[in-house]
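Welcome to this guided tour.

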Amino acid sequence: MYDEFLITIIGGGVVGLAIAAELSQYYHNVLLVEKNDTFGLETSSRNSEVIHAGIHYPPHFLKTILCVTGKYLLYELCEQKGIPYNKMGKLIVATSDEEEEHLQKLKDEAAEKGVGDLVLLTQKEIKLREPGVKGKAALFSPSTGIIDSHKLMRFFLSQAEERGAIVSFRSEVTGIERRNSNYLVEINKGEYRFFSRIVVNSSGLQADRIAAFTGLDVNKLGLRIRYCKGNYFSLSGMRRFNHLIYPVAKGEKEGLGIHVTIDLGGRVRLGPDVEYVDSIDYAVDERKKGHFYQAVKVFLPEIKIDHLNPDMSGIRPKLYGPGEKVRDFVIRDEKENGYPGFINLVGIESPGLTSCMAIGKYVASIVNEILN
Ligand SMILES: Cc1cc2nc3c(=O)[nH]c(=O)nc-3n(C[C@H](O)[C@H](O)[C@H](O)COP(=O)(O)OP(=O)(O)OC[C@H]3O[C@@H](n4cnc5c(N)ncnc54)[C@H](O)[C@@H]3O)c2cc1C
């Protein structure tokens, strides 16, 4: 006889944990399995920790809708539960006439997506806010901030456990088989097997592999993940920044562009860049230093190449390759493809951290539909 769970969540990153906290509020018998020794050791601890405003994605995308909603939910949670954050705002700095013209377009488009608080700044106003930044004009986003993602994940973990969810580390899902109206889930190559009515695949960089365990044809369904590395260089010896500083994004090839990120401890980093890779290797190549320096010199005129040192990297689980059309998050019950009750979350790249609570609520609505 196998144990039976109502809902199994695969993956203890920020998204899986937020889903566990949300679902355990409504359902008993919720299990979260994570292959590592503890939570959040992968993409969720290798990112910029920015609470995004929701400016940069197409309006109808889940990425936009869940980011804009998720941002409000996160700020409210941080306020109520004492999770450290800083709504420091960000500047998107234009350094050419062409970029300056683009700022107004960005502002208008953002307003249509529910981000109506952007403010255009003149050269003088930039200097007042950021004496070390050079630009012709800038957009100020007051609702962009930073968060302590580790404390956030720890909070979701405690909340899920308090609400009755079971969280099991060192538990790698190695097989999933559909059996009647359940899934038989195998852990650590057969060490343990159990039935689950619903399986939520929130396994980040492994999400395509886990989906394929069921028999889903991930290539045909366009669910194959491409690894896209983002490298960071730390920046020291410069004056203090008061905001996150971004260039005007030049298109998907360069993501949001190499920018200035700040963590809650005041550490400043440049990054992330965009590098498609074939395997997971977090080492940062020091030879990229020159490229990083050139990318920011135009808006940080005081920077010297010696201010940069290789820091960390993270890997985005992208659903598209270089030059291909931007894709949205995939979050759905796979009933149309023959696997009802198997909820896939694939391609949860940025703004996944910002969206995590909204994703939790979205998944809860899918679960509710399945069970009622
Ligand atoms: C460079 C970079 C910068 C970013 N910056 C931001 C930002 O500033 N703001 C923002 O909103 N978003 C940002 N993101 C995106 C954000 O980090 C991710 O969207 C988010 O962390 C995804 O969380 P997750 O839980 O889906 O994935 P993960 O954190 O990868 O968690 C998945 C978990 O699943 C587990 N797992 C995998 N396979 C198995 C298995 N077989 N069995 C059991 N467990 C398994 C893994 O061990 C892992 O712990 C950034 C991403 C990158 C790479």
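Which residues surround the ligand, and which are the closest? Select the ligand and its surroundings: 40 residues form the shell, and the closest are Glu34, Ser44, Val50, Ile348 and Thr354.

Before you go on, a word on what you are looking at. This is a predicted model, in which local features need pLDDT of at least 70 and side-chain atom pairs count only at pLDDT 80 or more, while totals for chains, interfaces and linings use all residues. Residues are numbered from 1 along each chain as its sequence is written, and side-chain values use heavy atoms, with hydrogens and water left out.

Stop 1: Select Ser44, where a polar side-chain atom lies 2.5 Å from an oxygen atom of the ligand. At Glu349, a backbone N or O atom is 3.1 Å from an oxygen of the ligand. (A polar contact is a pair of N or O atoms within 3.5 Å.) The protein covers 98% of the 1,000 Å² of accessible area that the ligand has on its own, by the Shrake-Rupley method with a 1.4 Å probe.

**Stop 2: where the shell comes from.** Colour domain 1 (3–46 + 150–224 + 326–371) and domain 2 (90–142 + 226–318): both give residues to the shell, so the ligand lies between them. These bounds come from an automatic or database domain assignment. Helix α1, strand β18 (308–318) and helix α8 (352–371) each supply at least two shell residues. Helices (H or I, at least four residues) and strands (E, at least two) are DSSP runs, numbered from the N terminus.

**Stop 3: strand β1.** Select residues 3–10, which are β1, and residues 192–201, which are β12: the two run parallel, joined by seven bridges. Strands pair if DSSP finds at least two bridges between them. Asp3 has Phe194 in β12 as its bridge partner. β1 is also parallel to β2 (residues 30–33), through four bridges, and Ile7 stands opposite Val30 in β2. From β1 the chain crosses through α1 (residues 14–26) to β2, in a right-handed β-α-β crossover. Right-handed means that, with the strands pointing away from you, the path from the first strand over the helix to the second runs clockwise.

**Stop 4: an open sheet.** Find the three strands in the order β3-β8-β4, with antiparallel pairing. β3 (50–51) and β4 (85–86) are at the edges with a single partner strand each, so one side of each has no neighbour in the sheet. Finish at Val50, whose bridge partner in β8 is Ile146.

Methods
Near = heavy atom within 4 Å. Polar contact = N/O pair within 3.5 Å; in protein donor to acceptor, adjacent residues only side chain to side chain.
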